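Me: I would like to learn how to read a model like this one. Can we go through it feature by feature?

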Amino acid sequence: MITSTSYTNSTPVGLPLSGYWGTPTASVDWCESNYEKSYYIAEYFNSLSSFSMILVGLAGMYLHSSFEKRFLLTFGSIVIVGIGSIAFHGTLLFPLQMLDEVPMVYCVLTLVYCCVENKPYRRYGAWFPVGIALYGLLTTLIMLYAGPENHLLEFVVFQSSFAFVVLVVMSHIIKIYARIQDESIKKLWLLAGIIGTVAYGYWNVDFRMCGAMENLPFGLANPQFHAWWHVGASASSYLVCLLICYDRAENLDRKPKIEWMGGVLPYVVVEKPLNSKDKSS
């Protein structure tokens with residue numbers, strides 16, 4: 001829920017209104033009860049689940065270390081989002097909320113670049129990455145300007161700017177999917193879409209139906225859907241980055257294929273090395 005004056009709605013009677021990090025100052029307080037599991041961690045399950053982002057990001061960087069720097073940056077940005085998410089949910093402080101939300105915008109902006117500049121040749125000039133960076137910078141400045149004093153403005157700016165770049169990525173994913181011939185790759189794209197859609201559903205239920213989640217019948221516990229959103233978003237993000245990496249390698253005629261680590265973690269391998277002109281892109 002968004003609240004500008006009180007954060008006690010997420011804290012059951014009998015629990016402290018604040019813990020080690022003091023009274024929350026973030027623009028949003030999720031459905032998990034604050035400081036219920038630990039005096040030092042505001043949202044225990046939301047913090048714990050954020051480690052999934054760090055794990056998939058590090059796995060992506062390690063398994064695709066021979067690919068272009070753009071993909072190391074993309075996988076690496078997922079790691080940064082995970083660190084920021086732990087800091088935010090662990091404290092519910094506005095400055096650390098920025099450490100979560102701002103990297104999310106830049107993470108998707110790196111995907112925009114990877115999706116658009118996916119041909120063997122540069123489709124646009126140097127203005128394109130500069131324009132992407134300026135979009136991220138403008139979003140960051142507005143969010144910081146809003147600050148903890150204007151919670152609603154900060155939240156709306158973040159959600160709208162993030163949603164816009166996600167839609168840009170999705171529009172290019174549709175184009176990529178439309179030209180795929182390999183059924184196994186199509187199935188991975190569908191898997192990424194299903195996981196992402198279910199996870200987004202969890203996010204919405206946690207955000208919009210918190211009262212119902214805290215008062216389930218038969219004394220059932222809050223299912224902590226925001227934490228499950230973290231896990232699903234991590235898996236979906238990894239698959240999307242992986243498949244965009246596959247598409248790029250295919251466009252460069254590197255003969256990519258998907259292999260599986262332990263039968264559960266897919267990654268891209270290629271037969272041809274990068275040309276020297278592509279290594280820095």
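Me: How are H3 and H9 oriented to each other: roughly parallel or roughly antiparallel?

Reply: Some ground rules come before the answer. This is a predicted model, where local features need pLDDT of at least 70, side-chain atom pairs count only at pLDDT 80 or more, and totals for chains, interfaces and linings use all residues. Residues are numbered from 1 along each chain as its sequence is written, and side-chain values use heavy atoms, with hydrogens and water left out.

Helices (H or I, at least four residues) and strands (E, at least two) are DSSP runs, numbered from the N terminus. Axes are lines fitted to C-alpha atoms, for helices over the stretch in contact, and angles run from 0 to 180 degrees between N-to-C directions. Under 35 degrees counts as roughly parallel, over 145 as roughly antiparallel, 65 to 115 as roughly perpendicular, and the rest as oblique.

Now the case. Helix H3 (residues 69-91) packs on helix H9 (residues 225-251) at about 170°, and the axes lie 10 Å apart. H3 and H9 are therefore roughly antiparallel.

Me: Which residues of H3 and H9 make the contact?

Reply: Contact means heavy atoms within 4.5 Å. H3 supplies residues including Arg 70, Phe 71, Phe 75 and His 89. Among those from H9 are His 226, Tyr 238, Leu 242 and Arg 248.

Sort them by class next. Ala, Val, Leu, Ile, Met, Phe, Trp, Tyr, Cys and Pro count as nonpolar; Asp, Glu, Lys and Arg as charged; the others, Gly among them, as polar. The contact of H3 with H9 has eight nonpolar, six polar and two charged residues.

Me: Which cysteines does a disulfide join?

Reply: A disulfide is a pair of cysteine sulfur atoms within 2.5 Å. The count here is one disulfide. Cys 31 is joined to Cys 210, with S to S at 2.2 Å. The link is right-handed, with 90° about the S-S bond. It ties distant parts of the chain: Cys 31 is in the segment before helix H1 (44-49), Cys 210 is in helix H8 (residues 210-213), and the two are 179 residues apart.

Me: Are Cys 31 and Cys 210 buried or exposed?

Reply: Buried means under 20% relative accessible area, exposed over 50%, partly exposed in between (1.4 Å probe, protein chains only). Both Cys 31 and Cys 210 are buried.

Me: Where is pLDDT under 50?

Reply: pLDDT is the predictor's confidence in each residue, from 0 to 100. It stays under 50 over residues 1-16. The chain averages 90, and 91% of the residues score at least 70.
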